[in-house]
Amino acid sequence: MSRRRFPLLAVAASLVAALPSLATAESNSYVYCSNGIACVMAPCPSGDALDLTTGAVIKGVVIDTTRLPPLDRAAVDFPDKLYAGKIVVRGSIQHRVEDHNLPWLVATRVVRAAKDGERKHCSAR
């Protein structure tokens with residue numbers, strides 16, 4: 001039993017050590033905002049996100065804010081600032097096949113206020 005345990009522990013340790021670097025590599029900064037599409041049934045592609053690393057605008061994005069720190073989500077004006085593109089969030093784009101393969105922006109923290117130039121892709125400023 002102990003002969004099998006050591007290789008398994010070594011593999012597990014190397015995977016745990018690699019996970020933070022993988023998470024960092026996939027995490028970017030985004031400016032998310034509403035694109036004006038009215039939602040009839042969730043999930044709905046009612047947002048667009050500007051990837052500040054590449055400059056690409058991802059259209060029809062669904063946002064997941066459940067992984068944001070509670071203090072970020074608890075701010076009274078958080079939803080207004082988020083949907084108007086007034087804040088930069090850190091996170092990653094994921095594609096969830098079970099949800100009509102829409103791109104999901106999984107936000108993990110609020111970074112800063114967005115600059116005017118970063119909000120140009122937003123229709124409702």
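Rings of Phe, Tyr and Trp (its six-membered ring) count as a pair if their centres lie within 6.5 Å, with planes under 30 degrees apart called stacked, over 60 edge-to-face and the rest tilted. This is a predicted model, where local features need pLDDT of at least 70, side-chain atom pairs count only at pLDDT 80 or more, and totals for chains, interfaces and linings use all residues. Residues are numbered from 1 along each chain as its sequence is written, and side-chain values use heavy atoms, leaving out hydrogens and water.

**View 1. Tyr 32 meets Tyr 83.** The ring rule gives a count of 1 aromatic pair. Tyr 32 and Tyr 83 sit edge-to-face, 5.9 Å centre to centre with 70° between the planes. Tyr 32 belongs to strand E1 and Tyr 83 to helix H3 (residues 78–83), so the pair ties together parts 51 residues apart in sequence. (Helices, H or I, are DSSP runs of at least four residues and strands, E, of at least two, numbered from the N terminus.) Tyr 32 is buried at 2% relative accessible area, while Tyr 83 is partly exposed at 40%. Buried here means under 20%, exposed over 50%, and partly exposed in between (1.4 Å probe, protein chains only).

**View 2. E4 and its partners.** Strands pair if DSSP finds at least two bridges between them. E1 (residues 28–34) and E4 (residues 87–95) run antiparallel over 4 bridges. Here Tyr 30 stands opposite Val 89, and Val 31 opposite Val 88. E4 also joins E5 (residues 103–113), antiparallel again, through 9 bridges; in E5, Val 88 is partnered by Arg 112.

**View 3. Closing the barrel.** The 5 strands close into a barrel in the order E1-E2-E3-E5-E4, with mixed pairing.
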